[in-house]
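Have a go at each task before you read its solution.

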Amino acid sequence: MLAAAKARQLPAELRQLIEPAEASASNEEFMQAWRFFNQGRNAEAREIFEKLLKEKPGDPNISNGLGWALLNSGDAAAAKPHFEVVLKKDPDAGGALNGLARVLRAEGDLDGAIKVWEHMLKKSSGVNAGTYGLAYAYLEQERYRDAIPLLEEIVKAEPQDTQTAAKLKLAQEKVAK
């Protein structure tokens with residue numbers, strides 16, 4: 001093992017001693033599912049996440065991936081329990097919180113979504129998905145004064161985001177009237 005480490009090469013027989021055989025396959029499948037998801041190939045991502053979840057029931061990382069694949073396929077109701085599984089294990093998991101907020105919004109519960117995004121912002125710093133979600137939800141409710149600081153934060157962090165810059169200008173105009 002020492003010679004392999006010095007040579008920066010790990011022969012298969014040594015790899016088997018330190019890594020379960022299915023771990024590398026599962027990890028590669030997990031990464032492939034996320035690649036499919038990022039390419040907008042949600043059905044393919046969902047298929048892999050579902051297979052992996054059968055192998056590792058309750059795994060929060062797999063549940064989160066499946067939740068997002070379902071949500072982006074338009075099946076918010078099916079996505080919700082997967083985000084809830086993650087949040088039972090880690091109530092501050094940003095991806096699952098954002099997913100749950102988006103599910104609530106899709107279900108017509110904008111106030112519930114806002115509560116989740118507000119919780120996200122209390123638990124994190126900097127611009128993130130919760131910042132966007134909350135700012136746009138406030139705009140939808142015509143809560144311009146609440147939206148402006150969030151929109152300013154987004155524009156400062158992402159100056160190329162012209163859509164949010166336009167929303168900021170609109171909100172400022174509404175408040176000035």
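**Exercise 1. Find what covers the buried residues of H11, and work out how its sides are arranged.**

Step 1. The cover over the buried residues of H11 includes H9 and H10. Helices here are DSSP runs of H or I with at least four residues, strands are runs of E with at least two, and both are numbered from the N terminus. Before going further, note that this is a predicted model, where local features need pLDDT of at least 70, side-chain atom pairs count only at pLDDT 80 or more, and totals for chains, interfaces and linings use all residues. Residues are numbered from 1 along each chain as its sequence is written, and side-chain values use heavy atoms, with hydrogens and water left out.

Step 2. Thr-164, Leu-168 and Ala-171 are the buried residues in H11 (buried is under 20% relative accessible area, exposed over 50%, partly exposed in between, with a 1.4 Å probe and protein chains only). They lie on the same side of H11 because they cover an arc of only 65° around the axis, the arc being that of the directions from the helix axis to the C-beta atoms.

Step 3. On the face turned away from that buried side, H11 carries the exposed residues Thr-162, Gln-163, Lys-169 and Ala-176.

Step 4. From first C-alpha to last, the 15 residues of H11 reach 21 Å, close to the 21 Å expected at 1.5 Å a residue (the expected span is 1.5 Å times one less than the number of residues).

**Exercise 2. Describe H10 and list the helices its buried residues pack against.**

Step 1. H10 covers residues 144–157, and its 14 residues reach 20 Å, close to the expected 20 Å.

Step 2. Its buried residues are Tyr-144, Ala-147, Ile-148, Leu-150, Leu-151 and Ile-154.

Step 3. These pack against helix H8 (110–123), helix H9 (129–140) and helix H11 (162–176).

**Exercise 3. Trace the aromatic pairs made by Phe-30.**

Step 1. The whole structure holds five aromatic pairs. Rings of Phe, Tyr and Trp (its six-membered ring) pair if their centres lie within 6.5 Å; planes under 30 degrees apart count as stacked, over 60 as edge-to-face and the rest as tilted.

Step 2. Phe-30 and Trp-34 pair edge-to-face, at 6.5 Å centre to centre and 75° between the planes. Both lie in helix H3 (residues 21–38), four residues apart, about one turn of the helix.

Step 3. Phe-30 also pairs edge-to-face with Phe-49, at 6.0 Å and 75°. This pair links distant parts of the chain, with Phe-30 in helix H3 and Phe-49 in helix H4 (residues 42–55), 19 residues apart.

Step 4. Phe-30 is buried at 18% relative accessible area, and Phe-49 is buried at 0%. Ring pairs link Phe-30, Trp-34, Phe-37 and Phe-49 into a cluster.

**Exercise 4. Is Asn-64 buried or exposed, and what does Asn-64 contact?**

Step 1. Asn-64 sits in helix H5 (residues 60–72).

Step 2. Its relative accessible area is 15%, so Asn-64 is buried.

Step 3. Neighbours within four places in sequence aside, Asn-64 is in contact (heavy atoms within 4.5 Å) with Trp-34, Phe-83, Val-86, Gly-95 and Ala-96.

**Exercise 5. Summarise the chain as a whole.**

Step 1. The chain has 11 helices and zero strands.

Step 2. Of its 177 residues, 38% are buried.
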